[in-house]
Amino acid sequence: MMVEKVLLRVIAKLLIPLIMLFAFYVQFHGDFGPGGGFQAGVIFAVAFILYALIFGVRVARQAISASMSRNLLALGVLVYGGTGVATMLMGGEFLSYNVLADTVHGAQHLGIFVVEFGVGMTVAGAMITIFYTFAGHSSSQLTFRRGDGMHVDAPAPTPKSTEDR
Amino acid sequence: MAVTAFWLVRLRNLFAVVMLTGIYSLFAAALYLVMDAVDVAFTEAAVGAGISTVLMLGTLSLTTDKEKVHKKPSLMALVLVLMTGGVLVYGTFDMPRYGDINAPIHQHVANRYIEKSGDEVGPPNMVTSVLASYRGYDTLGETAVVFTAAVGVLVIIGRSKGTFMPSSSQARRRREDERQEQEDTPS
């Protein structure tokens with residue numbers, strides 16, 4: 001495991017909160033600057049995967065369990081679709097946000113906000129779930145063997161090996 | 001980018017290939033940034049250079065990091081690739097120049113979005129207005145695609161807990177483990 005690498009651990013601890021903060025900035029500031037749900041979800045997942053790479057998948061599972069990431073995945077789609085159903089129930093068409101609030105801008109803003117949040121949840125959940133399923137294979141039964149691709153300090157095969165043509 | 005791509009094709013060591021793919025993605029992200037597509041650059045940097053590299057490394061740890069060398073290159077495949085590439089290049093001759101104001105893409109609905117999205121939707125970032133409001137159905141579909149992808153991964157390799165590994169890699173694992181034990185217990 002990589003926990004004993006002090007430099008990596010400290011830098012990661014410094015960086016991960018910033019990356020997650022940036023993810024939320026991209027999520028909630030998507031109306032005004034570049035970004036949106038998809039990018040935010042991906043950045044959030046990247047921060048989390050970095051955590052899992054440095055501290056081990058087992059520790060990461062204690063923060064976000066595998067079932068939780070799956071729930072996040074499904075909940076995001078549900079939020080998006082639910083917004084559409086909500087607009088239908090309030091008398092509009094599917095996903096026409098204008099019925100959500102009194103003013104057009106307010107309603108559109110609210111609708112986009114909720115929908116983008118759903119996208120972000122789905123994407124983050126999907127990325128973390130896929131990472132867990134890939135990483136789970138190499139870590140569940142064989143607790144961090146040497147030579148796994150999952151750690152960076154493994155004796156990596158150099159590009160200039162003999163079979164290199 | 002071209003140098004990276006050709007280097008990629010020549011390499012047989014899959015670990016190096018994964019690393020180069022990440023570098024290629026980073027170049028692509030820089031290219032998107034130059035073309036003012038900041039959203040796409042974001043996504044490319046995070047997904048292409050970040051997550052997919054990690055996932056490919058995970059895949060390598062499940063399989064092997066050496067590519068099987070095919071002795072006999074197939075002539076048919078070469079002809080097919082050249083023909084497809086030729087048709088694609090021929091198709092680009094009809095494309096309008098980059099940034100051409102008369103291109104169909106700038107004449108269709110783009111003007112309406114630019115002129116009216118401020119009144120009809122509101123947010124200053126028109127990309128968000130188009131994605132989440134005008135094209136809400138498309139984005140719902142995209143979200144469903146991401147959901148389906150994750151579910152597909154779960155269905156294929158999610159619940160097996162490593163018991164359904166290909167027998168070849170299981171055997172490789174066992175061999176490596178035995179060798180490891182021998183190394184760890186020097187008498």
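Student: To begin, how many aromatic pairs are there over all chains?
Tutor: This is a predicted model, and the count over all chains comes to twelve aromatic pairs. One of them joins A:Phe24 and A:Phe44, with 5.8 Å centre to centre and 65° between the planes, which is edge-to-face.

Student: Which helices hold A:Phe24 and A:Phe44?
Tutor: A:Phe24 belongs to helix 1 of chain A and A:Phe44 to helix 2 of chain A, so the pair ties together parts 20 residues apart in sequence.

Student: And is A:Phe44 buried or exposed?
Tutor: A:Phe44 is buried, because its relative accessible area of 18% falls under the 20% limit. A:Phe24 counts as partly exposed, at 39% relative accessibility.

Student: What sort of pair do A:Phe28 and A:Phe113 form?
Tutor: A:Phe28 and A:Phe113 are stacked, with their centres 5.5 Å apart and 25° between the planes. This pair links distant parts of the chain, since A:Phe28 is in helix 1 of chain A and A:Phe113 is in helix 5 of chain A, 85 residues apart.

Student: Which residues do the ring pairs link into a cluster?
Tutor: The cluster consists of A:Phe24, A:Phe28, A:Phe44, A:Phe113 and A:Phe117.

Student: Staying with helix 1 of chain A, how many residues does it have?
Tutor: Helix 1 of chain A has 23 residues, and it reaches 34 Å from its first C-alpha to its last, close to the 33 Å expected.

Student: Which of its residues are buried?
Tutor: In helix 1 of chain A, the buried residues include A:Ala12, A:Ile16, A:Ala23, A:Val26 and A:Gln27. As background, an α-helix has 3.6 residues a turn, so residues three or four places apart point the same way.

Student: Turning to the core, which residues touch the most other members of the largest nonpolar one?
Tutor: A:Phe131, A:Tyr132 and B:Ile51 do, in a core of 42 residues. The elements giving two or more residues to this core include helix 2 (37-55) of chain A, as well as helix 3 (38-62) and helix 8 of chain B. Its largest share, 13 residues, comes from helix 5 of chain A. Domain 1 (1-67) and domain 2 (136-187) of chain B each supply at least three residues to this core.

Student: What is B:Ile51 in contact with, leaving aside its neighbours within four places in sequence?
Tutor: On that basis, B:Ile51 is in contact with A:Val42, A:Ala45, A:Val46, A:Ile49, A:Met127 and B:Ala46.

Student: And what lies over the face of A:Tyr132?
Tutor: A:Arg61 does, at 4.7 Å from the ring centre.

Student: Where is B:Thr143 placed?
Tutor: B:Thr143 is in helix 8 (residues 136-158) of chain B. B:Thr143 is buried, with a relative accessible area of 2%. Apart from its neighbours within four places in sequence, B:Thr143 is in contact with A:Val77, A:Tyr80, A:Val119 and A:Thr122.

Definitions and conventions:
Residues are numbered from 1 along each chain as its sequence is written. Chains are lettered from A and ligands numbered from 1 in the order in which they are written. This is a predicted model: local features need pLDDT of at least 70, side-chain atom pairs count only at pLDDT 80 or more; totals for chains, interfaces and linings use all residues. Side-chain values use heavy atoms; hydrogens and water are left out. Helices (H or I, at least four residues) and strands (E, at least two) are DSSP runs, numbered from the N terminus. Buried means under 20% relative accessible area, exposed over 50%, partly exposed in between (1.4 Å probe, protein chains only). Contact means heavy atoms within 4.5 Å. A nonpolar core is a set of buried Ala, Val, Leu, Ile, Met, Phe, Trp, Tyr and Cys residues joined through side-chain atoms within 4.5 Å. Domain bounds come from an automatic or database domain assignment. The expected span of a helix is 1.5 Å times one less than its number of residues. Rings of Phe, Tyr and Trp (its six-membered ring) pair if their centres lie within 6.5 Å; planes under 30 degrees apart count as stacked, over 60 as edge-to-face and the rest as tilted. A charge sits over a ring if NZ of Lys or CZ of Arg is within 6 Å of the ring centre and within 35 degrees of the ring normal.
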